[in-house]
Amino acid sequence: MIFFDCSTAPNPRRARMVLAEKGIEVETHEISIAAGEQLSEAYRAINPQAMVPALRLDDGTLLTENLGIAAYLEALQPEPPLLGRDAREKGLVMMWTAIVETQGGMPIAEALRNAHPAFEDRAVPGPANHAQIPALAERGRARAEAFLSLLEARLQEVPWLAGEAFSFADITAYVFLDFARIIRMRVPDSHSATLAWQARIAARPSARA
Ligand SMILES: N[C@@H](CCC(=O)N[C@@H](CS)C(=O)NCC(=O)O)C(=O)O
């Protein structure tokens with residue numbers, strides 16, 4: 001297997017945390033987004049979607065998308081389970097991962113990519129260029145703030161997003177919240193449940209991935 005990574009980007013970090021939790025070591029190729037390597041001909045020949053992470057299996061199959069990569073790794077190495085231990089929990093892990101991606105990750109990305117000069121004409125990742133829309137940056141920030149409240153409300157009820165066990169949904173939310181520093185957004189001091197949850201994840205060795 002070859003893992004195509006970018007050490008500074010949030011989505012590859014989600015996959016790195018899964019690999020670390022499962023103790024899977026894999027050959028890694030760094031694709032520098034800052035240097036535009038994801039758009040190079042060489043990388044597009046591997047992944048025409050021009051994004052990271054990607055995992056190339058030994059038979060040549062290319063897995064893109066964190067969900068695809070996590071599902072593969074979970075089947076390969078079921079311990080520790082990150083996608084749910086029974087039917088109910090599997091549903092909750094997928095549900096919370098989707099909520100975090102669409103209501104947390106996307107707004108943070110919109111706030112960053114529609115405002116920062118480094119993303120001029122690169123407001124959307126992928127092979128095609130898209131112009132920035134400043135209003136989307138503002139909307140993204142407002143939606144990301146609403147996401148912080150949603151997260152706090154959930155974590156006031158249960159220790160982990162899917163309920164009783166740490167899962168891929170927590171990895172996804174933890175990585176995106178950490179990345180939100182880049183838009184100068186942080187968990188407010190009053191969000192005690194989220195801060196305690198963050199500290200528990202930060203103490204796991206995989207958080208250093
Ligand atoms: N849905 C994908 C998202 C992948 C993604 O957006 N990756 C970003 C890095 S965090 C990327 O490749 N960006 C390339 C670019 O900005 O041109 C996943 O789940 O992995």
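Analyst: Let's start at glutamate 65, which is found in the loop between β4 (62-64) and α3. In this predicted model, glutamate 65 has a positive phi of about 75 degrees, although this residue is not a glycine. Glutamate 65 also belongs to the group that comes nearest to the ligand: of the 15 residues around the ligand, that group consists of Gln38, Val52, Glu65, Arg113 and Arg122.

Gln38 has a polar side-chain atom 2.7 Å from an oxygen atom of the ligand. For arginine 113, an N or O atom of the side chain is 2.8 Å from a ligand oxygen. Asparagine 66 takes part as well, with a side-chain N or O atom 3.0 Å from an oxygen atom of the ligand. On its own, the ligand has 520 Å² of accessible area, and the protein covers 86% of it.

Now for the wider setting. The ligand sits in the largest pocket. Residues of the shell around the ligand come from both domain 1 (2-76) and domain 2 (87-208), so the ligand lies between the two domains. Helix α1 (residues 10-22) gives the largest share of this shell, with 4 residues.

Val52, another of the residues that come nearest to the ligand, brings us back to the shape of the chain. A cis peptide bond joins valine 52 to proline 53, with omega at about 5 degrees. Proline 53 has its place in the loop between α2 (41-46) and β3 (54-56).

There is another cis peptide bond to look at, running from glutamate 79 to proline 80, where omega is near -15 degrees. You can find proline 80 in the loop between α3 (66-76) and α4 (87-113).

Definitions and conventions:
Residues are numbered from 1 along each chain as its sequence is written. This is a predicted model: local features need pLDDT of at least 70, side-chain atom pairs count only at pLDDT 80 or more; totals for chains, interfaces and linings use all residues. Side-chain values use heavy atoms; hydrogens and water are left out. A residue is near a molecule or strand if one of its heavy atoms lies within 4 Å of it. A polar contact is a pair of N or O atoms within 3.5 Å; within protein, one must be able to donate a hydrogen and the other to accept it, and residues adjacent in sequence count only if both atoms are side-chain atoms. Accessible areas come from the Shrake-Rupley method with a 1.4 Å probe; for residues, only the protein chains shown count as cover. On a 1 Å grid over the protein atoms alone, a cavity is a set of points where a 1.4 Å probe fits but cannot get out, and a pocket is an open set with protein on both sides within 12 Å along at least five of seven lines; lining residues have an atom within 4 Å of a point. A molecule sits in a cavity or pocket if more than half of its atoms lie within 2 Å of its grid points. Helices (H or I, at least four residues) and strands (E, at least two) are DSSP runs, numbered from the N terminus. Domain bounds come from an automatic or database domain assignment.
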